[in-house]
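Hello,

I am passing this structure on to you. Please open it first, then read the notes below.

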Amino acid sequence: MTMRNLLEVSGLCKTFGHGSRAVKAVDDVSFSIREGSTLGVLGESGSGKSTLARCVLRLVEPDAGKIRFDGEDITWLTPGEMRQRRRDMQMIFQNPLSALNAKMTVEQNVMDPLDVWSIGTPSSRRAKARHLLDMVGLASKSADAYPWEFSGGQQQRVAIARALALEPRLLVCDEATSALDASVQAQIISLLVQLQKEMRLTYILISHNLGVVEYMSDEVLVMQAGKVRELSTTEEVYRFPKSDYTRALIRAVPRMPTPEELEERQRLRAERDA
Ligand SMILES: Nc1ncnc2c1ncn2[C@@H]1O[C@H](COP(=O)(O)OP(=O)(O)O)[C@@H](O)[C@H]1O
Ligand SMILES: [Mg+2]
């Protein structure tokens, strides 16, 4: 892992609404992420996690602050310029179907970004889509199926393949595994870790699952009411939380993991460190 920052954000602010109804969704947030690493983002519901991610990708326009991506200040790029840069920044969501076109087969869905950008030839695009489906663990024979024929975990694999089609540098995962049951969630996490290694991806990982964040993140940012409460290495945040808010979040883990989950976690760790 290099020490080079892929992303540098400083003083980012976003307020929704006006006057007494104004909500400071993101309030003076600064952080940076080294290329190839993962920043976990924790915080209670409504603390501004999704807005922060959307501001970084300029899917929501920030009111103030600065965003540097790969050394370039992207804060004031025009929508047309931004469209180019956004190839390097993709997002996956809790509901994979929201990112997929129900009228397209799985293969067409993965090919779609390549079609939109006219990358390669139709046959090379098809080959790439099949390769991507392979990478996310979906046999290419399923390529002609439609997304709704798939399980939630498989749909998320398709959404990941689609997000990776343009070979992004940054992948934002916004509660991407939250809707999946524990064993499927563990498979998707394992896939994301593997893809990160293979493709040198940088992740922003938003999750209310503390175990997932702890397992995947190099650093953790804790948000409360739009503000950064804590920003440090994962170990530091989990072992020595600086605020009562973080302590409460960490204590709010709903239950002890089952032996199977512990085993799975150990397996994932061994795999990751291999
Ligand atoms: N498009 C929007 N219009 C108005 N308010 C919004 C919008 N998006 C988010 N908010 C508000 O901003 C705050 C942060 O929301 P969000 O970023 O979704 O938090 P989180 O992802 O941590 O749950 C919340 O109070 C939410 O209601
Ligand atoms: Mg959110």
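**Helix α3 and its partners**

α3 and α4 are oblique to each other, because their axes cross at roughly 125°. The axes come within 9 Å. The crossing of α3 with α4 is right-handed. On the α3 side, the residues that meet α4 are Val106, Glu107, Val110, Met111, Leu114 and Asp115. On the α4 side they are Arg125, Arg126, Lys128, Ala129, Arg130, Leu132 and Leu133. By class, this contact has seven nonpolar and six charged residues, and no polar ones.

Before going further: please keep in mind that this is a predicted model.

Helix α3 (residues 106-116) also meets α5. Here the axes come within 7 Å and cross at roughly 25°. α3 and α5 are therefore roughly parallel to each other. This crossing, too, is described as right-handed. Val106, Asn109, Val110, Asp112 and Pro113 of α3 face Val158, Ala161 and Arg162 of α5. By class, there are five nonpolar, one polar and two charged residues in the contact of α3 with α5.

An α-helix has 3.6 residues a turn, so residues three or four places apart point the same way.

**Helix α5 against α6**

Next, take α5 (residues 152-164) with α6 (residues 182-199). Their axes come within 10 Å and cross at roughly 15°. Hence α5 and α6 are roughly parallel to each other. The crossing is right-handed. From α5, Gly152, Gly153, Gln156, Arg157, Ile160 and Leu164 take part. From α6, the residues are Val184, Gln187, Ile188, Leu191, Leu195 and Met199. By class, seven nonpolar, four polar and one charged residues make up the contact of α5 with α6.

**The chain as a whole**

How many helices and strands are there in the chain? There are 10 helices and 10 strands. The radius of gyration is 19 Å, close to the 19 Å that the globule rule gives for 274 residues, so the chain is as compact as a globular protein of that length. Along the principal axes, the C-alpha atoms fill a box of roughly 55 × 50 × 40 Å. Buried residues make up 36% of the 274 residues. Now take the contacts with a separation of 6 or more: residues 24 or more positions apart account for 67% of them.

Helix α1 covers residues 49-56. Seven of its eight residues are buried, so α1 is largely enclosed by the rest of the structure. The buried ones are Lys49, Ser50, Thr51, Leu52, Ala53, Cys55 and Val56. Arginine 58 follows α1 and has a positive phi, near 55°.

Glutamate 61 sits in the loop between α1 and β4. Is glutamate 61 buried or exposed? Glutamate 61 counts as exposed, with 10 C-beta neighbours inside 10 Å.

**Two positive phi angles in loops**

Aspartate 70 is not a glycine, yet its phi is positive, about 55°. Look for aspartate 70 in the loop between β4 (64-69) and β5 (72-73). Aspartate 70 counts as partly exposed, with 17 C-beta neighbours inside 10 Å.

Serine 118 is not a glycine either, and has a positive phi of about 45°. Its place is the loop between α3 and α4 (122-135). Serine 118 is exposed, with 9 other C-beta atoms within 10 Å.

**Valine 220**

Valine 220 belongs to strand β9 (residues 219-224). It counts as buried, with 25 C-beta neighbours inside 10 Å. Which residues is valine 220 in contact with, leaving aside its neighbours within four places in sequence? They are Gly40, Leu42, Val213, Ser232, Thr234 and Val237.

Best wishes

Conventions. Residues numbered from 1 in each chain as written. Chains lettered and ligands numbered in written order. Predicted model: local features only at pLDDT ≥ 70, side-chain atom pairs only at ≥ 80, totals over all residues. Helix = DSSP H or I, 4+ residues; strand = E, 2+ residues; numbered from the N terminus. Rg over C-alpha atoms; globule rule 2.2 N^0.38 Å. Buried ≥ 20, exposed ≤ 12 C-beta atoms within 10 Å, placed from the backbone. Contact = placed C-beta atoms within 7 Å. Axes fitted to C-alpha atoms, helices over the stretch in contact; angles between N-to-C directions. Parallel < 35°, antiparallel > 145°, perpendicular 65-115°, else oblique. Left-handed = near helix turned anticlockwise from the far one by under 90°. Nonpolar A, V, L, I, M, F, W, Y, C, P; charged D, E, K, R; others polar.
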